[in-house]
Each structure stands twice: as C-alpha cells, then as structure tokens.
Amino acid sequence: MLILWTMSLRILLALISAVSAAAAAADSPLNVSDVVTGPSSHVRLTNTATQPVTAWSLAATTASDSGRTHREVYTSDGYLSEVTHGLPGANARLERIMPGESRQVALDPLQPGAMVDLIAAVLDDGTAFGDEEAIAAIFAHRVKERDALRAVVDAFNDVLPARHGADALTALRERFSALAQRDDSVPCRAALDAVQAFQQKSGAAEIDNSLRTYAAFVQKEYAVTQRHAVRRGTAIKN
C-alpha cells in the first residue's frame, strides 16, 4: 500500500511539474521555434507581448549516447539598443525584440536532437519571467553597467566645465584610465577609447565639440540604465 501511495505521489508531482511548465510557457512573452542544429545552429524567437523584450536567456540541452546531458545557456540583453539602435558598429544581436517581431538567433553548433528552451525573459517595463537565478544575473549585470556609466558621466561633468581642448583630453584620459583599471567594463573602456581617438582632432573647438557630443550620448545611456537596472516593483537606489 505504501509503495502504491509513493508511486501515486510521484506521478502527481510529475503532473504538477508538467502543468506548471506548460503554464509558464503559455505566459512567456517570447516564443522559441524552428530549432536548427548542426554547424549553423539557430532558433527563431517571436515576441508575443505588447511591449519590447529587452533581455532573454536560452538553454540548449543535448543528450549524449551515454545518457548524460549537456546544458549551455545563452543570454542576450538589448535594453541599451533604445539609444544605440542604428549606430555604426552596433551589435545586431543586442537589439530589443519588438512586439510581433520574429528574429532568427544564431547559436553555437548543436548536435542533432538538441532542445532549446526559453528560461528567462525581461520586458521593457521591468517585468521578468522565468528562472529567478537567470533573471537575477541579468539585473546584476545592468546594475554594474549603470554604475560604470555613472562614473563616466561624473568624469565628464567634472572636467568639461573647467577644461577645454587638449587640457580636457588629458584630464579625461587620466580619469578613464584609472576607471578602466578598477572596472574593466564596456562603458569605461569605450570612454577611454573615445578620448584617445579625439586626440586626432585638429583644434580646441573641434575637440570640445566631440567631447560634448560623446558626453551627451553617455548621459542618454545612463538615463536608460537607471530605468532598466531594477526589476519592476523595486525602488531605484542611486
């Protein structure tokens, strides 16, 4: 009797798990389809929500002949494409998926029979679906990016009102070099690269104009990170 009861409990738990997974898939704002394996592996993602999907995590699972499984997770976060869309050199893989949009997404080569599932997705308003660990990792990365952008914005705000031309470049290069050594993040390295590139400008007025233009762009990026770095329902702390 105990054995039968235990087996029934296991079956019930399995059914509950299956129903929960199906419900989660139905509620998901991102549909995964058309899985293609081999050298040019890819899947199709379709946004079924009424707002942009800004980030997502996919899990590709492959079973070996021995019965073991290998799981690879792919995470993309495109919230900053709100300001970088259309810019030269912008990464097309880091673009938001707009409502109703269907996009083919490349993956590393997968073996035949591999399964690809959505494990997390974040919408434009900060709503998140799926695995809590994956969601936490997405927002942790956004917080780090926000803080790095804030440091770059602070450097521009400190230097540009008081210094101009080559003098401003020198001061900013020193600030961004120190930042990049402490925090080797994309915003800090990009700011340092930009300042070094501006050294090729011919005069103080041209340098100042380039610095102000870049500073304004970084300010826009920072404003976007302030909105997207915290999951909906959580107060933003600066």
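Start with helix H5, residues 186-198, in this predicted model.

Next, look at which parts of H5 are hidden. The buried residues here are Pro 187, Cys 188, Ala 191, Leu 192, Ala 194, Val 195 and Phe 198. Looking down the axis of H5, you'd find these buried residues within an arc of 160°, so they line one face of the helix. And what covers them? The cover includes helix H3 (132-159), helix H4 (165-182) and helix H6 (204-228).

Now zoom out to the whole chain. It has six helices and seven strands, and reading along the sequence gives you the pattern α-β-β-β-β-α-β-β-β-α-α-α-α. There are 238 residues, of which 38% count as buried. The chain exposes about 13,700 Å², with carbon and sulfur atoms supplying 56% of that area. Take the contacts between residues at least 6 apart in sequence: 61% of them join residues at least 24 apart.

On to the sheets. One of them is an open sheet of four strands in the order E4-E3-E6-E7, with antiparallel pairing. Which strands stand at its edges? Those are strand E4 (69-77) and strand E7 (128-130); each has a single partner strand, so one side of each is left without a neighbour in the sheet. From one strand to the next, the twist averages 20°.

Between strand E3 (residues 53-63) and E4, Ala 60 stands opposite Glu 72 in E4. Moving across to E6, you'll find that Ser 57 has Ala 120 as its bridge partner. Ala 120 also stands opposite Gly 130 in E7. E6 and E7 form a hairpin with four residues between the strands, and in that hairpin Gly 126 takes a positive phi near 95°.

There's also an open sheet of three strands, again with antiparallel pairing, in the order E1-E2-E5. At the edges stand strand E1 (30-36) and strand E5 (102-106), each with a single partner strand, so one side of each is left without a neighbour in the sheet. Neighbouring strands of this sheet are turned by 25° against each other on average, direction ignored. In the pairing of strand E2 (residues 42-47) with E5, the bridge partner of Val 43 is Val 105 in E5.

Here are some of the strand pairings from both sheets:

| Strands | Sense | Bridges |
|---|---|---|
| E3 and E4 | antiparallel | nine bridges |
| E3 and E6 | antiparallel | eight bridges |
| E6 and E7 | antiparallel | three bridges |
| E2 and E5 | antiparallel | five bridges |

What holds such partners together? Strands of a sheet pair through backbone hydrogen bonds, either parallel or antiparallel.

How values were computed:
Residues numbered from 1 in each chain as written. Predicted model: local features only at pLDDT ≥ 70, side-chain atom pairs only at ≥ 80, totals over all residues. Heavy atoms only, no water. Helix = DSSP H or I, 4+ residues; strand = E, 2+ residues; numbered from the N terminus. Buried < 20%, exposed > 50% of the residue type's maximum accessible area, 1.4 Å probe, protein only. Contact = heavy atoms within 4.5 Å. Areas by Shrake-Rupley, 256 points an atom, 1.4 Å probe, with all protein chains shown as cover. Expected span 1.5 Å × (residues − 1). Arc of directions from axis to C-beta. Pairing = 2+ DSSP bridges. Axes fitted to C-alpha atoms, helices over the stretch in contact; angles between N-to-C directions.
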